[in-house]
Amino acid sequence: QVQLVESGGGLVQPGGSLRLSCAASRSISSIDAMGWYRQAPGKQRELVATITSVGSINYADSVKGRFTISRDNAKNTVYLQMNSLKPEDTAVYYCNALRWSFGAPYDYWGQGTQVTVSS
């Protein structure tokens, strides 16, 4: 089991920045992938960025060049630095941990943190 707690959301003006944090209840060094997803009202949850245990990173096209995902294994924390924010980035952002065990995937989710980009 892994408990995930997000923080850092809030209200920001277009062009502004926020940094989201995801604190895990156990070591993340053995978790295969950590990621951020978001869900806007009336839309499906979508991938924002993922980072694997060996440091491979993947971004959604819509955030490339603006968002940066990173992990600090010593602090059991994953971050999402969001720059040049746009109104369309408004959503609830969820942290995800994916662990593979005996060929089966195990997904863990945080409770989400609201990000609102508005003037």
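## A left-handed disulfide and its surroundings

Let's start at the sulfurs: the C22–C95 link is left-handed, with -80° about the S-S bond. This disulfide (a pair of cysteine sulfur atoms within 2.5 Å) spans 2.0 Å from S to S, and the structure holds 1 of them. It ties together distant parts of the chain, with C22 in strand β3 and C95 in strand β9, 73 residues apart. Strands here are DSSP runs of E, at least two residues, and they're numbered from the N terminus.

A quick word on ground rules. This is a predicted model, where local features need pLDDT of at least 70 and side-chain atom pairs count only at pLDDT 80 or more, while totals for chains, interfaces and linings use all residues. Residues are numbered from 1 along each chain as its sequence is written, and side-chain values use heavy atoms, leaving out hydrogens and water.

Back to the cysteines. C22 counts as buried because its relative accessibility is 0%, and C95 counts as buried at 0% too. Buried means under 20% relative accessible area, with a 1.4 Å probe and protein chains only.

Of its 31 residues, L4, M34, W36, L80, M82 and Y93 touch the most other members. Elements giving two or more residues to this core include β3 (18–24), β4 (33–39) and β9 (91–101). Leaving out residues up to four places away in sequence, Y93 touches W36, L80 and M82, among others; contact means heavy atoms within 4.5 Å.

Finally, R66 sits in the loop between β6 (57–59) and β7 (67–72). R66 counts as buried because its relative accessibility is 10%. Beyond its neighbours within four places in sequence, R66 has contacts including M82, N83 and D89.

How values were computed:
Helix = DSSP H or I, 4+ residues; strand = E, 2+ residues; numbered from the N terminus. Buried < 20%, exposed > 50% of the residue type's maximum accessible area, 1.4 Å probe, protein only. Core = buried A, V, L, I, M, F, W, Y, C linked by side-chain atoms within 4.5 Å.
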